[in-house]
Each structure stands twice: as C-alpha cells, then as structure tokens.
Amino acid sequence: MLRIDRAAYDAIVAHARRDHPDEACGVVAGAAGSDRPARVIEMLNAARSPTFYEFDSMEQLRVWREMDDRDEEPVVIYHSHTATEAYPSRTDVTLAQEPGAHYVLVSTREPDTVEFRSYRIVDGEVTEEPVEVTDGGDTTALTE
C-alpha cells in the first residue's frame, strides 16, 4: 500500500496537469528504509513527449546523488499519461529499475477527473496497490 500525504499527492497531480500535453515525471524521496514519501522532486521530461517520458541522465544523476547525500531513496517514481488510463505501458515496465519503489501514474486525459494509481513493478511483473492519502490524522482511500 502507498501512503502519501495530501501535499505530495497535490504536487504530483499539479505537475501532471501543468506539463500536459507532455508527460510529466519525477520522484518523491523519503528516508532510506522508511517507505514514506516525503519530498517531491519534479524532473524534466527530456523526451518532451505526450506519449513517453525519459529522465534527463545528468539531472537523474544529480538527484540520485542528492538523495544519497541526504540518506534518502526514491520511494515513489511518478509520471503521467496524457491520453490513456493510469496503467503502466510495456515501456514503463521495461524502464522500471527500482524494485523497492512505488510507481505512480496520473492520467490527465480527463481535465476534471483525477486518476492517480500506484503499482509495484518487480522483474516485469505489475501489481496494483491501494493508495491512502493522509491529511494530518485523516486518511482518504483512493478507489477506482
């Protein structure tokens, strides 16, 4: 299960909407070993494409080194789909290289609807997981 606070959830959705019609991408860092997403890091989609995302290699190196320096890890890796549902494509599955991360997809195909889903992707196997958005002490379960 992915538990994410409202501010991080809102930041991911806002980034996805802002970059539309191109796919948005980024990570949410958290303390190493915590599985708690804490710090949203928006990244540049080097592909600048409505159907594909790619981290800029130099930016990714810088971000991963910064996380190492802060004793953090990528708890969430996110991107958006602009015209399809929030489900990993074959390319997304192939690119998934962080077995401990939650892979979040946000679909921006409907401007008035938020489709925010999370997956574990390990060795090419995709497993959807529940998402809980927390607001201080309150919790909202997302269901599709």
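Author: A polar contact is a pair of N or O atoms within 3.5 Å; within protein, one must be able to donate a hydrogen and the other to accept it, and residues adjacent in sequence count only if both atoms are side-chain atoms. The structure is a predicted model, in which local features need pLDDT of at least 70 and side-chain atom pairs count only at pLDDT 80 or more, while totals for chains, interfaces and linings use all residues. Residues are numbered from 1 along each chain as its sequence is written, and side-chain values use heavy atoms, with hydrogens and water left out.

Reader: What lies within 3.1 Å of the backbone nitrogen of Ala7 at the start of α1?

Author: A side-chain oxygen of Asp5 does.

Reader: What makes the span of helix α1 agree with its number of residues?

Author: The expected span is 1.5 Å times one less than the number of residues. Helix α1 has 14 residues (6–19), so it should span 20 Å, and its end C-alpha atoms are 20 Å apart, which agrees. For α2, with 13 residues, the reach from first C-alpha to last is 18 Å, close to the 18 Å expected.

Reader: Which residues of α1 are buried, and why are they said to line one face?

Author: Buried means under 20% relative accessible area, exposed over 50%, and partly exposed in between, with a 1.4 Å probe and protein chains only. In α1 the buried residues are Ala8, Tyr9, Ile12, Val13, His15 and Ala16. Seen down the axis of α1, they fall within an arc of 155 degrees, so they line one face of the helix. The arc is that of the directions from the helix axis to the C-beta atoms. An α-helix has 3.6 residues a turn, so residues three or four places apart point the same way.

Reader: How do you know which side of α2 is buried and which is exposed?

Author: The buried residues of α2 are Glu59, Val63, Trp64 and Met67. They cover an arc of only 125 degrees around the axis, which puts them on the same side of α2. The face turned away from that side carries the exposed residues Ser57, Met58, Arg65, Asp68 and Asp69.

Reader: Why is Glu132 called buried?

Author: Glu132, in strand β8 (residues 131–135), has a relative accessibility of 18% and therefore counts as buried. Its side chain is joined to that of Arg3 by a polar contact of 3.4 Å.

Reader: What makes a space a cavity, and which residues line the largest one?

Author: On a 1 Å grid over the protein atoms alone, a cavity is a set of points where a 1.4 Å probe fits but cannot get out; a pocket is an open set with protein on both sides within 12 Å along at least five of seven lines; lining residues have an atom within 4 Å of a point. The structure holds one cavity of 30 Å³ or more. The largest cavity has a volume of about 50 Å³, a volume being the space filled by probe spheres set on the points, which are joined across faces, edges and corners. Its lining consists of Tyr53, Ile77, Tyr78, His79, Asp92, Tyr103, Val104, Leu105 and Ile121.

Reader: What is the volume of the largest pocket, and which residues are closest to its centre?

Author: The largest pocket has a volume of about 240 Å³. Of its 13 lining residues, the closest to the centre are Tyr53, Phe55, Gln60, Leu95 and Gln97.

Notes:
Helix = DSSP H or I, 4+ residues; strand = E, 2+ residues; numbered from the N terminus.
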